[in-house]
Amino acid sequence: TLLTTVAAIDQDTLQSFRYFTIAGDVSAIGIDSLTGAVIIIDSAQFNREAITVLSVDVVVFDGGLTPELTDTATVIININDINEKPILAADTFLIDENSTNGLFAGTSVAFDVDTTTTFTFNIIEGADSVFIINSTTGEISVLDSSYLDVETQPTFEVIVEVTDGGLVADLLDTATFVINLNDINEKPILVADTFLIDENSANSFVAGTSVAFDVDTLTSYSYSIIGGADTVFIINTSTGEITVSNTSYLDVETTSTFNLIVEVADGGLVADLFDTATYIINLNDVNEKPFIADFTNNINENSAQGTLLTTVLATDQDTLQDFRYFTFAGDVSAIGIDSLTGAVTIIDSAQFNREAITVLSVDVVVFDGGLTPELTDTATITININDINEKPVSVIDTFNVNEDAIFLTPIGFATALDVDTT
């Protein structure tokens, strides 16, 4: 770059000027020996932040008559301060996922060779809905923590612009800052539920499954029952499947609802996190079989029609029943039963003849009138007939005897009848 031109003057008409630098900043400023053009020969030294003035001493030879004559002068160059572009250094930061709003993520760092600068930082592109920047300090912080989920997006980029607030007009630079999320263990969620199974379900019957959710991608769930009906049900530690362990408790007439408190551990990073939920297991009321017992009784022969022999009383675990009784086999013409009360009575007393038969019996069925399908049970009623002494019958007859018959003369035989065999 031409700084100036040194032009010598001489009263002599014969001259052949030659120019040289002899002192000063001769490594930065040079001169053309013939033309006197003063130029920059090392631009790096023209740095206003390092030095404000450069100078060289110049000598001119007149090339005239011997002896040759000279003159010297000093060339002074004042360096103007101009605004130079700032430099913004890209960087990468690491923060935990789910960090709170306002958390410091990192600082944008700018450099400028100018001594007078006022940096202004601004996010011009990228995740500007997730992070904000302090316009004065360049500190980047969390604006909306709801985005900071490593399972959804593990990395964010913000493009930052810095202006230098320099002379005349601002100069600027941009850089991309990468913000990576550190994966932390997040609490699992165990969903409460209600299941329905039949009462009397067998051991190992599946009642339902505990279902857990976790936003973490690396989980190894472990389930356990920590409260409630842990003597009635068990849980598969890996699958969360709940099954019957003791069917004897599954009686809706005794307990219709069971509660289980289940805990799940997520097997996550560093240390497990937990959640608990209550599972309700309701019993479906199913019809259970009624019961009647065989019965034996003794009754005297010749007992009257309608005599009560016994009463059949059915039992049933179900609370809802409407028993109905019927005879269906055996001596049904001699013995009957009241369909509502179960009263067993004589309906043909003539058949209660010890001399003809010693035992009468009927088979009885009971219907429980319960939930569909209706269930039944059967029993045999046995009646032993007691032998009682019955009145003999004397047969009326007519005999002929001669008059004047002597004392104790046989005149005939009196006849008596008795149904008793003995």
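Here are a few questions and answers on this predicted model.

Q: Which strands stand at the edges of the open sheet of four strands?
A: Let's start with the strand order, which runs E25-E31-E30-E27 with mixed pairing. A strand at the edge has a single partner, so one side is left without a neighbour in the sheet. Neighbouring strands here are turned by 30° against each other on average, direction ignored. The edge strands are E25 (295-300) and E27 (324-330).

Q: Which residue in E31 stands opposite Asp363?
A: Strand E30 covers residues 359-367 and strand E31 covers residues 376-386. The two pair in the antiparallel sense, over nine bridges. Opposite Asp363, you'll find Thr380.

Q: Is Leu2 buried or exposed?
A: Leu2 sits in strand E1 (residues 2-5). Setting aside neighbours within four places in sequence, Leu2 touches Ala37, Val38 and Ile39. The cut-off for exposed is over 50% relative accessible area. Leu2 comes in at 53%, so Leu2 counts as exposed.

Q: How far apart are the C-alpha atoms of Leu2 and Asn47?
A: Along the chain, these two residues are 45 residues apart.

Q: Which strands each supply at least two residues of the nonpolar patch?
A: The patch on the surface is made of Ile189, Val191, Val211 and Phe213, with about 340 Å² of accessible area together. One of them, Ile189, counts as exposed because its relative accessibility is 51%, and Ile189 lies in strand E16. The strands asked for are E16 (189-191) and E19 (211-213).

Notes
Residues numbered from 1 in each chain as written. Predicted model: local features only at pLDDT ≥ 70, side-chain atom pairs only at ≥ 80, totals over all residues. Heavy atoms only, no water. Pairing = 2+ DSSP bridges. Axes fitted to C-alpha atoms, helices over the stretch in contact; angles between N-to-C directions. Buried < 20%, exposed > 50% of the residue type's maximum accessible area, 1.4 Å probe, protein only. Contact = heavy atoms within 4.5 Å. Patch = residues over 30% accessible without salt bridge, like charges linked within 9 Å, V, L, I, M, F, W, Y side chains within 5 Å. Areas by Shrake-Rupley, 256 points an atom, 1.4 Å probe, with all protein chains shown as cover. Salt bridge = Lys/Arg side-chain N within 4 Å of Asp/Glu carboxyl O.
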